Amino acid sequence: MSNPDQIQRFIFDNADLRGVLVGLEHSYHDALARHTYPEVVQELLGEMLAAVGLLSSTLKFEGRLSLQAIGDGPVSLLMAECNHQRDLRAIARWNDALADQQGLIALLGKGQLAITIEPDQGKRYQGIVPMSGDALAQCLEQYFEHSEQLATRIKLAADGQRAAGFLLQALPGDKSADGEDWDRITCLGDTLTDDELLGLDNEPMLFRLFHEEQVRMYEADSLRFRCDCSRERSLNALRSVPQAELEEIVAEQGHIEIDCQFCNQSYRFDAVDVGALFSAAVTPDAPGQAH
């Protein structure tokens, strides 16, 4: 992959369609390195990370977009996030021994897919669709069709080492999704293989698919793994617990420990920290370093 850890948008000058390409390598490795995931979960998380990278191309504000799949199967949770700074993180939970060849729906069982947009300033939005079809890409296509009324084609691939995503979408208000342009371009896009998506540089990939079209590529943006947890944020999260209860935990255990599920960073707080947290005269002065 010649375009690792990048997101790149492109448009068609002769059709009202847009496209996005995402390639992940180091950021994918960093997200997996924090946990010991089975091989099939590593691949599913790679698809989730690539998907949330594609979806983040729509962010026009400061905030974050998350993609969460919850089910009653052997894999109970898949979650990936990307913010406006192109910081990625992801997590999965699984219960039983997993068959390597099982697909997303078989592993998640009965469940739903949620897409959540959280602006730093403004109203939170969440769209929910049932888990259906054979793959995450199909679920996302159905979300755009039913919730956004946007004709969309998505392809995702991951092999535990690399992950990548490809999106084609009709522009809002465009009617070409029912016509010749949409049919022609999506038919060409459907010829893209997993090996090509994971292995080819963006420019030759698009030339291979659309050499008879007029494709304009925008400058690529970098993607990286970065968890925004911190000691300060973890301490502030304890404010919702009564002080007496926190003091009791410290008395019994010697400290309170909070673990970040995304990056496995641990934060410990003692009686002095708890006292400072609830003191009107003292402000916690242990700013954490996001990593």
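**Exercise 1.** Which residues in helix α5 (residues 180–189) are buried?

*Solution.* Start with the source. This is a predicted model, where local features need pLDDT of at least 70, side-chain atom pairs count only at pLDDT 80 or more, and totals for chains, interfaces and linings use all residues. Residues are numbered from 1 along each chain as its sequence is written, and side-chain values use heavy atoms, with hydrogens and water left out.

Step 1. Apply the cut-off: buried means under 20% relative accessible area (1.4 Å probe, protein chains only). Trp 182, Ile 185, Thr 186 and Gly 189 are buried in α5.

Step 2. Check their directions. These residues cover an arc of only 95 degrees around the axis, so they lie on the same side of α5. The arc is that of the directions from the helix axis to the C-beta atoms.

Step 3. Find the cover. It includes β1 (6–12), β2 (17–24), β8 (152–158), β9 (163–170) and α7 (202–210).

**Exercise 2.** Describe how helix α2 (residues 39–55) packs on helix α4 (residues 136–148).

*Solution.* Step 1. Take the axes, which are lines fitted to C-alpha atoms over the stretch in contact. They come within 11 Å and cross at roughly 25 degrees.

Step 2. Classify the angle. α2 is therefore roughly parallel to α4, a class for angles under 35 degrees.

Step 3. List the contacts (heavy atoms within 4.5 Å). Glu 47, Met 48, Ala 51 and Leu 55 in α2 meet Leu 136, Leu 140 and Phe 144 in α4.

**Exercise 3.** How much of the protein is buried?

*Solution.* Buried residues make up 46% of the 291 residues.

Definitions and conventions: Buried means under 20% relative accessible area, exposed over 50%, partly exposed in between (1.4 Å probe, protein chains only). Helices (H or I, at least four residues) and strands (E, at least two) are DSSP runs, numbered from the N terminus. Axes are lines fitted to C-alpha atoms, for helices over the stretch in contact, and angles run from 0 to 180 degrees between N-to-C directions. Angles under 35 degrees count as roughly parallel, over 145 as roughly antiparallel, 65 to 115 as roughly perpendicular and the rest as oblique.
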